[in-house]
Amino acid sequence: MLEKYSREQFWKLFQKISPELQEAIMSEGTANDIGDVCERNEIKNLTSKVANCTGQVLIGLLPPEEFPAALEKEVGLKKPVAKKVAQEIFRTVFFPVRIFLAELYHTALGSSETPSVTPSSPSITSTPSAPSASQKSDTYREPIE
């Protein structure tokens, strides 16, 4: 079982993490993402436990590679469900803050060395920019305002 921390201990840890991780912990979007994952996997009654494990990763108490096992042990999910939930949480919650998690845990999240629950998300592409002088303009495209 993961050790229980008092409110004071939690806030001390919270103040030491990056503002981006603080935002991820406190974000309504994160809560919605976790709720959606739990609903899709038919474990809506366990949302608070999944959120607790997710928060422990974000605050630095639970290494990301131990997250799927914690979902099994702490939440009581069967291995296939825990793996699926972990993959979705990695994609929706951890992936956007992966750089800050890597700094927190001193690891290279997203590299080939990460556990099998790394998100299988499409590669991030940059937003299209205005065509350069060497590119022909598309007369059929409407301007973006």
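Contact here means heavy atoms within 4.5 Å, and the views below are taken from a predicted model.

**View 1. The packing of helix α5 against helix α6.** Helix α5, which spans residues 67-75, packs on helix α6, residues 79-94, at an angle of about 130 degrees, and the two axes lie 8 Å apart. Because angles over 145 degrees would count as roughly antiparallel and those of 65 to 115 as roughly perpendicular, α5 and α6 are therefore described as oblique to each other. The crossing in which α5 passes α6 is right-handed.

**View 2. The residues in contact between α5 and α6.** From α5, the contact is made by Phe67, Pro68, Leu71 and Glu72, which meet Lys79, Ala82, Val85, Ala86, Ile89, Phe90 and Phe94 of α6. By class, the residues of this contact comprise 9 nonpolar and 2 charged, with no polar residue among them.

**View 3. The buried residues of α6 and their surroundings.** Within α6, the buried residues are Ala82, Val85, Ala86, Glu88, Ile89, Phe90, Thr92, Val93 and Phe94. The partners against which the buried residues of α6 pack are α3, α4 (47-59), α5 and α7 (98-105).

**View 4. Gly29 of helix α3 and Thr92 of helix α6.** Gly29 is placed in helix α3, which covers residues 28-40, and with a relative accessibility of 35% it counts as partly exposed, whereas Thr92 in α6 is buried. Although Gly29 and Thr92 are 63 residues apart along the chain, their C-alpha atoms are separated by 9.6 Å.

Notes:
Residues are numbered from 1 along each chain as its sequence is written. This is a predicted model: local features need pLDDT of at least 70, side-chain atom pairs count only at pLDDT 80 or more; totals for chains, interfaces and linings use all residues. Side-chain values use heavy atoms; hydrogens and water are left out. Axes are lines fitted to C-alpha atoms, for helices over the stretch in contact, and angles run from 0 to 180 degrees between N-to-C directions. Helices (H or I, at least four residues) and strands (E, at least two) are DSSP runs, numbered from the N terminus. Angles under 35 degrees count as roughly parallel, over 145 as roughly antiparallel, 65 to 115 as roughly perpendicular and the rest as oblique. A crossing is left-handed if the near helix is turned anticlockwise from the far one by less than a right angle, and right-handed if clockwise. Ala, Val, Leu, Ile, Met, Phe, Trp, Tyr, Cys and Pro count as nonpolar, Asp, Glu, Lys and Arg as charged, and the others, Gly among them, as polar. Buried means under 20% relative accessible area, exposed over 50%, partly exposed in between (1.4 Å probe, protein chains only).
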